[in-house]
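Here are my notes on this model. Please keep the structure open beside them as you read.

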Amino acid sequence: MLAARSRTEMLAFLALLVMTAAWGSTFFLIKDVVTRIPVPDLLAIRFAIASLALGLIAARRLHFSRPVMLYGVLLGLLYGSAQILQTAGLAHTAASVSGFVTGLYVVATPLLTALILRRRIPPLTWLAAVLATVGLGVLALHGFAIGYGELLTLIGAVIYAGHIVALGRFSTPETTLSLSLVQLVMITLVTTGAALWPTAGSAHGIQLPGSTHDWLVVLYLALVASALTMVLQTWAQAHIEPSRAAVIMAMEPVWAAAFAVALGGESITGRMIIGGLAIVSAMYLVERPQGRRTRTKEYAS
């Protein structure tokens, strides 16, 4: 039984790694496409396609109960709101600072887990969260000041942490596909509302991609970096505690740096190496076998 649990946890760990790799692969793609498509419009199109695709692919395996609907709506509202706040904050701060502040969900997640779920967080997990945050800072920060954009992004990071905590509480292996689809539909509604919200100088309606290349990028973002990753995260968090999941998810900027070097033409820097090693070390702390046995006892107490 313990061996089966260990195998399942390892698969969940790998699922989160694949998810962060998919997220990390999007940065240099999005950086290019948002020069032609407004960010809210891109988000609305991305999640609409993701919802439609998952609904079609998983149609025969979907089962919508009242709890699944309620939990999915709440989770989608949290995730969609965090996306909007992060996007709004990005308009008032540097992308590197936005990435670091958003990554503070690594520390916010164990805090919310302790406050909301009344769980004792092992000291090793706290150490890993702090170490991952230091790694994020080394990777992302080139100067930092607290302002309006940083405040919006920080609120978004706390909401992201709330999504991670709630997903860990509500997700089960049996409801993975249904819960994922309800989340995606709700995120689509939230981001579409933001895209259609009238602002000075904004065009009417939602702007669609204008070239085959941009459509291919949007399809990748929708199918791989939204639909697939939502299913992977929802399933994985049915087996991994929220605080551990948050530390593993801190691998996203490491993957982003790797893809930027491999495909985006960027050069390897000392900051990439040091920050990446700090995040990988944090992940090792929470995933080493002895740490898993200790956490199982502490979470059960």
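1. Start with the charged network. Glu9, Glu241 and Arg244 are joined by salt bridges into a network. Keep in mind that this is a predicted model.

2. Take the first link. Glutamate 9 pairs with arginine 244, and their closest N and O atoms are 3.8 Å apart.

3. Look next at another charged pair. The model has four salt bridges by the rule used. One of them joins the side chains of arginine 36 and aspartate 214, at 2.8 Å from N to O. Arginine 36 sits in the loop between helix H2 (27-33) and helix H3 (39-57), while aspartate 214 is in helix H10. The two are 178 residues apart, and the pair links distant parts of the chain.

4. Arginine 36 has 36% relative accessibility, so it counts as partly exposed. Aspartate 214 has a relative accessible area of 3%, so it is buried.

5. Turn to the nonpolar side chains. The largest nonpolar core holds 68 residues, and Tyr105 and Val106 touch the most other members. Helix H10 (residues 212-236) supplies the largest share of this core, with nine residues. A separate core has seven residues, including Val68, Leu75, Ala166 and Leu167.

6. What does tyrosine 105 touch, leaving out residues up to four places away in sequence? Its contacts are Ala157, Tyr160, Ala161, Ile164, Ala246, Met249, Ala250 and Glu252.

7. Finish with threonine 113. This residue lies in helix H6 (residues 105-116). Its relative accessibility is 0%, so threonine 113 counts as buried. Leaving out residues up to four places away in sequence, threonine 113 touches Arg118, Arg119, Ile121, Val165, Pro242 and Ser243.

Definitions and conventions: Residues are numbered from 1 along each chain as its sequence is written. This is a predicted model: local features need pLDDT of at least 70, side-chain atom pairs count only at pLDDT 80 or more; totals for chains, interfaces and linings use all residues. Side-chain values use heavy atoms; hydrogens and water are left out. A nonpolar core is a set of buried Ala, Val, Leu, Ile, Met, Phe, Trp, Tyr and Cys residues joined through side-chain atoms within 4.5 Å. Buried means under 20% relative accessible area, exposed over 50%, partly exposed in between (1.4 Å probe, protein chains only). Helices (H or I, at least four residues) and strands (E, at least two) are DSSP runs, numbered from the N terminus. Contact means heavy atoms within 4.5 Å.
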